[in-house]
Structure formats: C-alpha cells, structure tokens
Amino acid sequence: MSDIDKPALTNAPQMYVHYCEEEGCEEWGGWGNSQSAVPTRWWCFEHFPHKSYEQEQALRRKIEAAERESVVR
C-alpha cells in the first residue's frame, strides 16, 4: 500500500493524556503496560512497577539529590 492509496484525514488526530494510576499522584502517565487482551494501565516513571535495576538506581539517585537540595535551601 502506498501513500497515494490512503484516504485523506477528515478529522485531526486526537491526543489523550494518561495520568498515573497511583492513588493521589497527578503526574503524566507515560509508562504503560498491558498483557495482550487486558486494557493498558498507565504510571508515571516513579510509580512504574516494571523498572529495570538500572532505572531503579537512577530514580533513587534523583530522589536523593532532590532531598539534599531541599535540605540546603
């Protein structure tokens, strides 16, 4: 199929913003996870439950740096 065969868009694409599913969190949920037929669940990076070890360590360093910065102020 080429671009010539595709019909023109009649409506502008719609963007849906997902928020984190964690109770009380109002961050954007850019990290989703779904098992084929199950609806996708969305989390912010801090609450995303499927982080790798390296991602977990980077998040821990970021939180510790923010805590040190708030103590200095």
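Trainee: How far is the sulfur of C20 from the closest cysteine sulfur?

Mentor: Happy to start there. In this predicted model, the distance is 3.8 Å, and the partner is C44, too far for a bond. The general idea is that a disulfide is a covalent bond between the sulfur atoms of two cysteines. The cut-off used here is 2.5 Å, and C44 is in no disulfide. A search of the whole structure finds zero disulfides.

Trainee: Is C20 buried or exposed?

Mentor: C20 counts as buried because its relative accessibility is 7%, under the 20% limit. C44 is also at 7% and counts as buried.

Trainee: Which residues make up the largest nonpolar core?

Mentor: There are five: C20, C25, W43, C44 and F48. Look at W43 too: beyond its neighbours within four places in sequence, its contacts include C20, W28, W31, F48 and P49.

Trainee: What radius of gyration does the protein chain have, and what would a compact globule have?

Mentor: The protein chain has 19 Å, whereas a compact globule of 73 residues would be near 11 Å. Its C-alpha atoms fill a box of roughly 60 × 30 × 25 Å along the principal axes. Buried residues make up 11% of the chain.

Trainee: Where is confidence lowest, and where is it highest?

Mentor: As a general rule, where pLDDT is low, the predicted coordinates should not be read in detail. Here the chain mean is 84, with 95% of residues at 70 or more. Strand β1 (residues 31-33) is lowest, at a mean of 81, and helix α1 (residues 53-72) is highest, at 89. The elements run β-β-α from the N terminus.

Conventions. Residues numbered from 1 in each chain as written. Predicted model: local features only at pLDDT ≥ 70, side-chain atom pairs only at ≥ 80, totals over all residues. Heavy atoms only, no water. Core = buried A, V, L, I, M, F, W, Y, C linked by side-chain atoms within 4.5 Å. Buried < 20%, exposed > 50% of the residue type's maximum accessible area, 1.4 Å probe, protein only. Contact = heavy atoms within 4.5 Å. pLDDT = per-residue confidence, 0-100. Helix = DSSP H or I, 4+ residues; strand = E, 2+ residues; numbered from the N terminus. Rg over C-alpha atoms; globule rule 2.2 N^0.38 Å.
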